[in-house]
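Please take a moment with the model shown below before reading on. The paragraphs that follow move from the chain as a whole to particular places within it.

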Amino acid sequence: ATPMAAQQGLPWTTILLLMAAAGGVGAWLSRGRRDPAAQHLSDLAPEPFASLPMAQAAPTMLDQSSQMFGWVDGDGIVLHMNRTGLLWLQSEDLLQAQMQAIWTLPGLASGEQADALKAAIDVARGGQAKRIELKLAPPQQDPRYVEIHLRAVNCGSTSTSPCVLIEGRDVTLRRQTEDKLMLAATVFEQAREGIMITDAKGEILSINQAFSDITGYSPEDAQGQYPGLLTQALERPQVHRRIRSALERKGHWQGELRSLRRNGEVFTAWVSLTRRLSADGQPTHLIGIINDITRSREAELKLHRQAHYDPLTDLPNRRLFEQRLQLAMQKRGRDAEPVSVLFMDLNQFRDINDNFGHRTGDAVLVEMAHRLREDLREADVVARLGGDEFAVCLPGAHAQAAHQVALKLQERLAQPCMIDSHELSLTASVGIAIFPDDGDSVELITRNAETAMYRAKQEGRASTCFFTEGMQPRSVRHLQLEAHLRRAIERDELLLHYQPQLDTATGRVVGLEALVRWRHPELGMVSPGEFIPLAEHNGQIVAIGEWVMRTAAQQMKSWMNQGLPPLVMAVNLSAVQFRDPTLPERVQAILNETGLPACNLELELTESVATGNPTAAIVMMDRLHALGLRLSIDDFGTGYSSLNYLKRFRIDTLKIDQSFVRDIHSDPDDRAIVQAIIQMAHALNLTTIAEGVETDEQADFLRANGCDMLQGYRFCRPIEPQAALLWLQERTAQPPLASAAAA
Ligand SMILES: Nc1nc2c(ncn2[C@@H]2O[C@H](COP(=O)(O)O[C@H]3[C@@H](O)[C@H](n4cnc5c(=O)[nH]c(N)nc54)O[C@@H]3COP(=O)(O)O)[C@@H](O)[C@H]2O)c(=O)[nH]1
């Protein structure tokens with residue numbers, strides 16, 4: 001078919017040459033697929049029309065082009081459109097296209113695009129060349145972007161208004177690239193991660209906003225600097241070497257770095273570094289992405305601390321202790337070395353809490369934790385397991401070393417400490433279990449050390465005890481005991497033993513101490529050292545203590561009725577009983593009920609009870625004293641009595657703790673303490689009694705230093721009532737002895 005343009009007299013050569021002169025067709029064709037025919041046409045002179053065959057050939061040649069060519073009349077009606085143009089505008093053929101204005105063709109993506117094209121044609125028709133970008137939308141395909149050039153051309157003599165030549169080329173690829181670049185630039189600028197790009201030498205070329213926000217460096221500050229400016233001062237050279245080596249080997253490194261902001265503030269960064277290589281494998285850039293993870297690290301650390309450390313003392317808690325012990329056991333196990341575990345319990349801690357309040361108790365725990373940490377090596381682990389229980393793990397320590405450490409720690413803990421103007425001193429009982437002999441799991445070794453600690457407690461304050469087979473785990477045993485103890489009184493399982501107390505100078509019996517015993521049908525004899533703390537803990541001590549007082553008072557009254565000279569019956573009073581405001585009434589009721597004169601009853605208070613809440617203690621002691629009975633302070637020297645209060649207490653006797661008596665012959669400190677207690681007691685008009693006297697040597701020393709009374713295995717063990725009666729009858733029938741040693 002003859003092209004309509006030719007029919008309408010449009011000079012082909014003019015069109016083509018105009019296009020060529022505008023750098024259009026010729027340039028495009030020469031840049032794209034070379035079209036020799038078009039090239040040839042562009043070389044032709046515009047006027048006069050060269051040769052018809054060539055002109056007729058032009059549309060065919062234009063159809064070969066991959067660009068769009070066409071022209072429209074002044075109303076936008078398509079006069080000609082090459083094949084590419086028809087394809088892009090989705091017109092089936094030229095005839096169909098020629099029926100309508102170009103902006104109504106279906107290929108235009110939207111009404112907006114149509115309006116833009118229409119407006120551009122109007123501008124071009126007015127004589128001004130125009131360039132626009134159109135979005136064409138092929139069905140079911142990604143949109144095509146076409147750059148359109150429009151300019152007015154002469155339509156020939158038949159036309160009154162100029163035509164508009166439309167040239168278009170597909171710029172989708174460029175547009176996509178631009179879009180991608182735009183996207184990349186947006187990502188670079190708007191990323192929440194800091195991004196930094198360096199050149200091959202490592203000098204910073206550019207940074208994004210987030211990088212500036214995180215580090216405080218502006219692009220001007222950063223440009224030309226090395227990335228190390230953020231970390232140089234903080235990370236060790238090995239870290240930098242490791243990063244360089246990873247980049248060389250793998251082209252990538254990521255990890256956490258402690259970094260420095262421009263204002264000197266330290267922050268934690270998660271850094272990812274990637275080396276970019278040229279086509280020939282040479283490094284061209286380094287791309288670094290940094291995230292400020294200071295907050296999340298801090299939060300993590302906080303959570304970790306909460307989960308693994310005791311908030312009060314800042315020591316590792318049980319969980320962390322178990323983890324560290326597990327590691328130590330694995331490591332030492334491989335080297336066939338032992339790991340010792342020390343389980344420590346503070347002996348008078350409950351009294352401190354009860355008497356001075358929890359604030360003081362907490363301060364004591366903090367101080368004790370501090371001392372423990374100070375006295376141990378870095379490889380050792382000390383933890384607070386809860387309450388007043390601490391555990392120590394000594395990797396590589398054999399029994400002897402563990403024992404030495406235990407003694408050292410006990411000594412350190414026993415040093416007095418000043419808390420809230422109270423001078424307090426505590427002792428600790430320590431149980432030791434050693435891996436692998438005493439257990440091959442964390443749980444077992446810790447439990448066995450705890451069991452040993454309970455044995456140490458039974459053996460007396462501030463003892464150290466190694467775990468041995470046959471020690472029953474505390475928890476099982478305690479549960480058993482607690483369950484049985486509840487019914488011990490009603491089942492008549494409790495009984496009293498009596499231990500005489502002698503006048504040092506004359507050897508006469510002056511009194512007896514009632515000591516409770518528990519004979520269980522299956523468990524056998526259970527030591528008061530084991531069940532009294534349990535009873536104090538669960539409150540059963542009130543009933544047990546009252547039973548002891550009543551039974552002991554009945555016994556003494558009965559012996560007196562049987563003709564024995566009146567003696568003083570000493571009964572232990574627990575802290576829990578002492579704090580009961582109805583205690584004086586209860587004691588009076590027992591005295592009334594049994595008929596025992598008050599002067600034949602002595603209540604032994606522990607030192608901590610007496611000094612706990614001094615004002616309340618003074619009031620209670622006054623009330624008890626008013627009943628006419630005697631009061632003594634038991635275990636004197638192991639607590640934290642203040643002399644100031646001591647002189648205001650209505651007490652009669654100080655009982656020197658057996659721990660000072662035990663080593664009196666070998667330990668000059670114990671001798672000095674005993675002498676000081678006796679002198680002080682006498683200065684306060686108090687009598688003294690030493691407990692736990694086992695040898696003549698001890699008795700002689702005590703007598704020589706003026707101790708008034710003696711009690712201990714040297715004279716008589718605690719014995720049953722029948723045996724005690726015989727012992728008393730025998731002693732009281734004899735004339736007074738000149739020397740207690742003769743007893
Ligand atoms: N609140 C109450 N506490 C009581 C009562 N009965 C006993 N107890 C307390 O239990 C702890 C252990 O008592 P026990 O096993 O009876 O030990 C006492 C004596 O048997 C023992 N002792 C006496 N002489 C010697 C000796 O020469 N050597 C030696 N190694 N031990 C000896 O010492 C304990 C004396 O106790 P005390 O005078 O009270 O300090 C103990 O703390 C008891 O107080 C009770 O009814 N209520």
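Among contacts in the protein chain between residues at least 6 apart in sequence, what percentage join residues at least 24 apart? In this predicted model, the share of such contacts that link residues at least 24 apart is 60%. The protein chain holds 30 helices and 26 strands, and of its 743 residues 48% are buried.

The pLDDT of the protein chain averages 85, and 87% of the residues score at least 70. Residues 1-55, however, have a pLDDT below 50, although in the model this stretch makes 85 contacts beyond near neighbours in sequence. The pLDDT is also below 50 over residues 736-743, a stretch with 26 contacts beyond near neighbours in sequence. Where pLDDT is low, the predicted coordinates should not be read in detail. For the complex, the predictor gives an ipTM of 0.94 together with a pTM of 0.50.

One part of the fold to follow is an open sheet of 5 strands, in which the order is E12-E13-E11-E16-E17 and the pairing is mixed. Its edges are formed by strand E12 (381-386) and strand E17 (464-466), each of which pairs on one side only. On average, and with direction ignored, neighbouring strands of this sheet are turned by 20 degrees against each other. Strands of a sheet pair through backbone hydrogen bonds, either parallel or antiparallel. The antiparallel sense is found between E11 and strand E13 (residues 389-395), which pair over 7 bridges, and phenylalanine 343 stands opposite alanine 391 in E13. Helix H17 (residues 399-414) lies across E11, E13, E16 and E17, and it runs at about 160 degrees to E16.

From strand E16 (428-435) the chain passes through a loop to helix H18 (442-459), and proline 436 is placed in that loop. What kind of peptide bond joins phenylalanine 435 and proline 436? The bond is cis, with an omega of about 5 degrees, whereas most peptide bonds are trans. The loop between E16 and H18 also holds aspartate 440, which counts as exposed because its relative accessible area is 60%, over the 50% that the term requires. Not counting residues up to four places away in sequence, aspartate 440 touches Met329 and Phe435. Aspartate 440 and glutamine 326 are 114 residues apart in sequence, yet their C-alpha atoms are 9.8 Å apart in space.

Alanine 336, in the loop between helix H14 (318-334) and strand E11 (339-346), has a positive phi near 55 degrees. Glutamine 90 is also not a glycine, and its phi is positive at about 60 degrees; the loop that contains glutamine 90 runs between helix H6 (83-88) and helix H7 (94-97). Is each of these residues buried, partly exposed or exposed? Alanine 336 is exposed, because its relative accessible area is 71%, while glutamine 90 counts as partly exposed because its relative accessibility is 24%.

Glutamate 167 counts as buried because its relative accessibility is 1%, under the limit of 20%. Its side chain is joined to the side chain of arginine 151 by a polar contact of 2.2 Å.

The last stop is the ligand. Which residues come nearest among the 23 residues around the ligand? They are Arg517, Gln658, Glu691, Glu694 and Tyr713. Individual atom pairs can also be followed around the ligand, and one of them sets an N or O atom in the side chain of glutamate 513 at 3.0 Å from an oxygen atom of the ligand. A polar side-chain atom of aspartate 634 is likewise 3.0 Å from an oxygen atom of the ligand. With valine 516 the backbone is involved, as one of its backbone N or O atoms lies 3.1 Å from a nitrogen atom of the ligand.

Note on methods:
Residues numbered from 1 in each chain as written. Predicted model: local features only at pLDDT ≥ 70, side-chain atom pairs only at ≥ 80, totals over all residues. Heavy atoms only, no water. Helix = DSSP H or I, 4+ residues; strand = E, 2+ residues; numbered from the N terminus. Buried < 20%, exposed > 50% of the residue type's maximum accessible area, 1.4 Å probe, protein only. Pairing = 2+ DSSP bridges. Axes fitted to C-alpha atoms, helices over the stretch in contact; angles between N-to-C directions. Contact = heavy atoms within 4.5 Å. pLDDT = per-residue confidence, 0-100. Polar contact = N/O pair within 3.5 Å; in protein donor to acceptor, adjacent residues only side chain to side chain. Near = heavy atom within 4 Å.
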